[in-house]
Amino acid sequence: RRAVKIAPGKAGHAFDKAAGLFFEINPAAEVKCLIRATNLDAFHTEIVATVAAEGQATRWRLSANLMNSVVGSLPPKSGSLVKFVQDGTKLSIQAGKMKATLYLMDPDSYPDWDMFDSEDLTMVGGLGSRMAAVEWAAANTGVPPLCGVYLDGEYAVATDRYRLVRVPCKFDIKRPVIVPAGILGTSLKQMGDTGVRVDEHQLLLAPDDYTQLAVSIYESNYP
């Protein structure tokens with residue numbers, strides 16, 4: 001569900017380049033399954049707990065909307081197992097009485113990125129809820145910097161020049177940054193402490209030991 005929130009859902013540049021969810025499967029590796037999603041502003045990577053995996057290493061690219069429907073049909077109880085079986089360009093999914101078959105998309109054109117080193121992260125409590133508290137005031141034009149949220153280590157700020165919201169958001173940050181609105185509040189709202197670090201061009205976040213999120217920084221001056 002977290003990956004679906006990042007995947008582009010509407011037609012446009014990001015959808016053309018990065019539609020869908022991307023699975024990396026390698027039965028011989030210690031990490032047997034990774035899920036990736038990106039809208040070209042945020043890059044989500046998550047390690048999936050895998051009970052067993054057989055066969056050769058492969059990659060699956062699946063419709064985010066269809067996978068979201070499948071996830072909504074999965075048994076809600078903890079410990080439920082989901083079985084995936086690839087047959088050519090078809091992927092069969094089974095969990096309890098739920099069965100679905102999806103066709104694989106072309107994986108070769110999907111963007112590629114590396115996971116970052118999770119050392120030296122600053123823990124920030126309630127970052128998602130703080131971002132959600134201000135993101136609604138950001139401009140919806142898609143034009144930086146007002147379509148972003150300003151973080152300076154003391155506050156999170158958003159404005160569209162007609163309304164302005166500021167909430168305390170203290171953490172150790174090398175320099176003020178502007179990140180796209182509508183991503184962190186949605187992705188991290190239900191998460192607790194989040195590890196944060198500012199890289200040269202990205203805000204790096206690790207909400208848990210299995211999930212990483214790298215968000216692009218707008219290189220412009222905030223009013």
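Where is the place of threonine 38? Threonine 38 sits in strand 2, residues 33–38. This is a predicted model: local features need pLDDT of at least 70, side-chain atom pairs count only at pLDDT 80 or more, and totals for chains, interfaces and linings use all residues. Residues are numbered from 1 along each chain as its sequence is written, and side-chain values use heavy atoms, with hydrogens and water left out.

**View 1. Threonine 38 is buried.** Its relative accessible area is 0% (buried means under 20%, with a 1.4 Å probe and protein chains only). Strands are DSSP runs of E, at least two residues; helices are runs of H or I, at least four; both are numbered from the N terminus.

**View 2. The side chain of threonine 38 meets two backbone atoms.** The backbone nitrogen of leucine 40 is at 2.9 Å. The backbone oxygen of alanine 42 lies 2.8 Å from a polar atom of this side chain.

**View 3. Threonine 38 has contacts beyond its sequence neighbours within four places.** Among them are Ile6, Phe43, Tyr110 and Trp113 (contact means heavy atoms within 4.5 Å).

**View 4. The largest pocket is lined by 42 residues.** Nearest its centre lie Cys33, Val48, Ala49, Val82 and Phe84. Strand 2 supplies at least two lining residues, as does helix 3 (64–72). A pocket is an open set of points on a 1 Å grid over the protein atoms alone, where a 1.4 Å probe fits, with protein on both sides within 12 Å along at least five of seven lines; lining residues have an atom within 4 Å of a point.

Terms used. Buried < 20%, exposed > 50% of the residue type's maximum accessible area, 1.4 Å probe, protein only. Polar contact = N/O pair within 3.5 Å; in protein donor to acceptor, adjacent residues only side chain to side chain.
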